[in-house]
Amino acid sequence: VKHVSETVGSTHVVTLLDEALDAQDAKEFRRQMERELAGKECAVLDLAQVRFVDSSGLGAILACLRLMGGGGLRLCGLSPEVRKAVELVRMDRLLDVHANREEALAAIRSDAALGLEA
Amino acid sequence: VSTLALRDSPFQRALQTLLSPLPPHLPLGVRLRDGDGWLRQPPHGADQNRMCSGNGSLGVTLCVPAGEEALLDFGEALVAAASRICDLEEQREGLCEELGTAYESLSAVFDIGGDPALLLAPARALAKVLDHAVAFEPGLEGAVWLARGEALEPAQWRAAEPPVARDAGFGIVGRILRERRGVIVNARGGGWGDEPELRGARRVAAAPLIARGEAVGALVVWHAEPGSFDSRLMGLLTTLCSQAALILEQERLRQEAVAGEKLRREIEIGGNIQQVLLLGRTPADVTGLEIGTLARASRQVDGDFFGFFHHGNGTFDIVLGDVMGKGIPAALVGAAVKSQFQRFASTTGPAGRKFPCAEPAEIVAAVHEQVSATLIELGRFVTAIYARFDVAKGMMTYVDCGHTDALHHRSDVDKVDLLSVKAAGRTNLPLGFARETRYEQVNVPFGPKDTFLFYSDGLTEARAPGGTFFGVDAVATALARGRDLRAQLLVDRICGEVERFSASAGIHDDLTCIAVKIAGTPPPARLCLEVENERGSLARVRRFVTDVCAQIPGTPFGDEQVAEFHLALTEAASNVFDHAYGGGPGTLRIEALWGPEELRFRLLDRGKPFNPVAAKPPRFDGSVDGGFGVYIIRQIMDLFDYTRGEGGPNVLELVKRLPKKDGAR
């Protein structure tokens, strides 16, 4: 699964470049993230380019969330279609969703300032 | 098993089917064990009773008047046959389950069950059973054992060391006869007795041959090299044993009929074969079609047969055939030929063409190839007509093998056409007439409210007392007169007319008749897609969904709704690839059908049976990554359903009602 990763402060930011994250990519994506997110405390998954995610894709994201101990993973840039899927399986209750990457990073900074960092 | 479970059980239904053709005056009463219901009332009271237990759990009481004790034997044979039919039904269901995983079993069963000569030659049939078993793996040896009283006799063997007759309790065969279940021994370390032929074997598998609830023999295979037998081999052995038991049972029934010197009994048994094997159940759920059938058996059994095959892709096939000759042999030939039609109608088309399945002419040619040599050897032939209805295309395609010409009532011009291939300059020979012959198919377009009538020559060749035939014109007139009747009523009326026509002369042939009425409303519009389980196919599914939604008149679904369909169809498709095909290769066909009321997606696959509708509800606490697919589909669609026909594809249906006009964009 095509993506770029960068580190902003202490936050690992992953930007997906594919249009879809479905059952045929989910396993690969999961392996990639297991390598990248190991030991990271705080990450943002930028889905702004993604137009479609199915339950397997969502499952891979859930796996990332668990990998990071339940907190510390944020999503941003959800298209209406992707947002719909996230809401259908009630994942919006499990992790923070932000409009874009800047807002996600700003929220992490303010949480850190308040000492709420997971 | 309690008697409660017996009530309306498959056994009871089978027994009723066998009892129903008996003449009303036959003084035989049949009662369930609990005694509160007659399956068949004895016409003159009864003072002789006999309990019989078909396979231990089936308690049935037979009642006859004094002096008719011989009838009790006949009744027992019926109970045994009903019990056997239940076993077979179960076995057949089991076979369908196996279709995806164990093709060997299926082809073996068809190979044996479908060959008319084998049904009449049990020794050859058992040899073939054994051949299929040892073909499972190179180097296998094997034997079929039959229990004769206190002794075990080798009926067939493929072994370096010929097995010899022995005591029934001896060795591994003795053991499975006692335990009545199969056994696999992979690490053989002795202790299983010392059968001479097994001395060099490193692994052994054996399954019991169970007939009428008793272990009557066994199928044993073994290998001199170490290795591992698994449940696939056991599945094959079990299936083959059941097939062998059927052959032995048929032979027993046949010999009983012949030796019993009573023609009457032969008629009953033949009638049972006809009811159970030759005549298919009339399907009630064919979209866009209505079917009516009638089969009135003559005093002697005839070989008329018919069958119906769903393909799950909107097409529906009918076969109607007639074996020349009468009696049980004709009925058995009919059953064998029908099973061949069943086999080729339900297998896939040539070279990778999975949907739709083979063309009618290809199916008939395959059946011809399979049965002709044997039919010629037996000196019999079979006329048949094989017709396929494609409701979406408005097309009936048929192949005529020397059968009576079908009739087509065209509703738009109120006229009856005779569907004669001879008129089209072709002659199609009956099956079993010649080794080399070509079968061609003919297309007949149809419209709403048209009616097709297929029938056997018993109908047209019924004679009035003066000797005149009823004739095809009279059938056509009756069809035109009954054009507005429901299909079942139509065939009832037509056969009623034939019977009145013959009056006192009596009907000498079976009357067999099938009416197919086309529904009055045009079929829904449709689009199809076939994709393989490969990278990118889920994206193709989503593009297909977009195309479909764009074609629905008035584009009632907005972008947001289309995106939801993307999600639902991706979930359903990946379910098929992951579970029905287990992640391996396979074709998924998606049909989209829509009308003014609803949009319907049908997903068809030839994978193993898998019912996602039965999935457990998901957990939303983040503890589990999967299990959301079905939940998502249900949230998005109005209906999510799974069906699988006999031997047919898995069919998933996802339905969304179209929004009401005022809500549409």
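I began with a loop residue: B:Thr555 lies in the loop between H15 and H16 of chain B. Helices here are DSSP runs (H or I, at least four residues) and strands are DSSP runs too (E, at least two), numbered from the N terminus. B:Thr555 is not a glycine, yet its phi is positive, about 25°. Most residues other than glycine have a negative phi. The scale is relative accessible area, with buried under 20%, exposed over 50% and partly exposed in between (1.4 Å probe, protein chains only).

A note on ground rules: this is a predicted model, where local features need pLDDT of at least 70 and side-chain atom pairs count only at pLDDT 80 or more, while totals for chains, interfaces and linings use all residues. Residues are numbered from 1 along each chain as its sequence is written, chains are lettered from A and ligands numbered from 1 in the order in which they are written, and side-chain values use heavy atoms, with hydrogens and water left out.

The axes of H15 (residues 537-551) and H16 (residues 559-580) of chain B come within 9 Å and cross at roughly 140°. Axes are lines fitted to C-alpha atoms, for helices over the stretch in contact, with angles from 0 to 180 degrees between N-to-C directions. H15(B) and H16(B) are therefore oblique to each other; under 35 degrees counts as roughly parallel, over 145 as roughly antiparallel, 65 to 115 as roughly perpendicular and the rest as oblique.

Which residues of H15(B) and H16(B) make the contact? Among them I found B:Leu538, B:Val541 and B:Val545 of H15(B), and B:Phe565, B:Leu569 and B:Phe577 of H16(B). Contact means heavy atoms within 4.5 Å.

I then found another positive phi in chain B: B:Arg180, near 55° and not a glycine. B:Arg180 is in the loop between helix H7 (171-179) and strand S8 (183-185) of chain B. With 42% relative accessibility, B:Arg180 also counts as partly exposed.

Last, I turned to chain A, which has four helices and seven strands. H1 (residues 23-37) and H2 (residues 55-67) of chain A pack at about 15°, with axes 8 Å apart. That makes H1(A) roughly parallel to H2(A). Of the 118 residues of chain A, 52% count as buried.
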